[in-house]
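Open the model in your viewer, colour it by secondary structure, and follow the stops below in order, selecting each residue or element as it is named.

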Amino acid sequence: MKVLVSNNTFSFTGGSETYAYCVIATLKKHGYDVDAFTTGAVTMVGEEIKKLGVKIFTNELHHGYDVALSSHLSTTKYTTQVAEKVIQTCHGIYPALEQPDPNASNLVAISQEVNTHITAKGMDSTIIHNGVDCDRFSPIKPINTKLKKVLSLAHDQGVNKLLAGACAKAGIQFEWHNKYINPTFEIQKKLQEADLVVTLGRGAYESMACGRPVFVLDNRGYSGQGMVGDGLLTPESIDKSLENNCSGRALKKRFDENLVLEEFAKYNSSLGEYFRDYALKNFNMDIQLQKYLSL
């Protein structure tokens, strides 16, 4: 089977970029013939894709693909012309690029929220949560019984300032990584050094796969929600949070320093083992890819 994987860019380590990389790496692992396509930049993630021996097309595409696994309207409009079947993944509800293409053979929604959005547009979709390489993202280093280090992947520096203040007051080490300011492809190494990760979306899934408890919080301007989150994920809250892609839009809690400290106080190292098992069952890319190909 010849497969084409497309994404708006293969540049910085954003959610859809690292998702596309994971899809490509998993296809290669299982012996598929894979090419990649983008209409945007080919930088950090693109260079990692090339290391897998995968060719990246940025202009002309040739016919002959059995299936295209596409993200974003910017690439799906091209892949529908060269592949026998196109499966478009919609990663969100707000950005224009994430809207469903009616010419796609199948639509995949990464969450119940996206599924509902696509239904409202008069189209059908299948829910498949973003997959994670659970070998690359794994709990190599055990977390501490007592919370000692917090890592933030929040984009909003206001969120990081809030977290830094709370950590200083509690005597907790704090580190932040913003894909726009200090990106790193090897983010799993940072995750494996933290006890608790503040993030959302794909960052939450990768953190769970590393056996790390997750505090869902950020401020993403495109949603117009402000600084909201679901707080420290627990076995009781994870399914509800997942309905909205662990975006913070499920519970929409607003946090100040005192409320952040209250969430820190709920830290329990047993959550790490629970969420590693949850990730293996719900995000393992080996399983998620088979769901795609069954379409």
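Begin by selecting Val-214, which has its place in strand β11, residues 214–218. The model you are looking at is predicted. Is Val-214 buried or exposed? With a relative accessible area of 0%, Val-214 falls under the 20% cut-off, and therefore counts as buried. If you now show its surroundings, leaving aside the neighbours within four places in sequence, you will find Val-214 in contact with residues including Leu-196, Val-197, Ala-204, Met-208 and Leu-232.

Five strands form an open sheet in the order β9-β8-β10-β11-β12, and their pairing is mixed. At the edges stand β9 (173–176) and β12 (228–232), each of which has a single partner strand, so that one side of each is left without a neighbour in the sheet. From one strand to the next, the twist averages 20°.

Next, keep β11 and β12 on display: these two strands pair in the antiparallel sense over four bridges, and Asp-218 has Val-228 in β12 as its bridge partner. Helix α7 (residues 202–209) lies across β10 (196–199) and β11, and runs at about 165° to β10. Helix α9 (residues 257–265) also packs on the sheet, where it touches β8 (149–152), β10, β11 and β12, and its direction makes about 160° with that of β11.

Ala-36 lies in β2, where it stands opposite Val-5. Select strand β1 (residues 2–7), in which five of the six residues are buried. β1 pairs with β2 (residues 33–38) in the parallel sense over six bridges, and the chain crosses from β1 through α1 to β2 in a right-handed β-α-β crossover. Strand β4 (residues 65–71) also runs parallel to β1, joined to it by four bridges, and here Val-5 stands opposite Leu-69.

Finally, select helix α1 (residues 15–29) together with helix α11 (residues 285–294), whose axes come within 10 Å and cross at roughly 85°. That angle makes α1 roughly perpendicular to α11. Among the residues making the contact are Tyr-19, Cys-22 and Val-23 of α1, and Met-285, Leu-289 and Tyr-292 of α11. Sorted by class, this contact has seven nonpolar, one polar and two charged residues.

Key: Residues numbered from 1 in each chain as written. Predicted model: local features only at pLDDT ≥ 70, side-chain atom pairs only at ≥ 80, totals over all residues. Heavy atoms only, no water. Axes fitted to C-alpha atoms, helices over the stretch in contact; angles between N-to-C directions. Parallel < 35°, antiparallel > 145°, perpendicular 65-115°, else oblique. Contact = heavy atoms within 4.5 Å. Nonpolar A, V, L, I, M, F, W, Y, C, P; charged D, E, K, R; others polar. Buried < 20%, exposed > 50% of the residue type's maximum accessible area, 1.4 Å probe, protein only. Pairing = 2+ DSSP bridges. Right-handed = clockwise from strand over helix to strand, strands pointing away.
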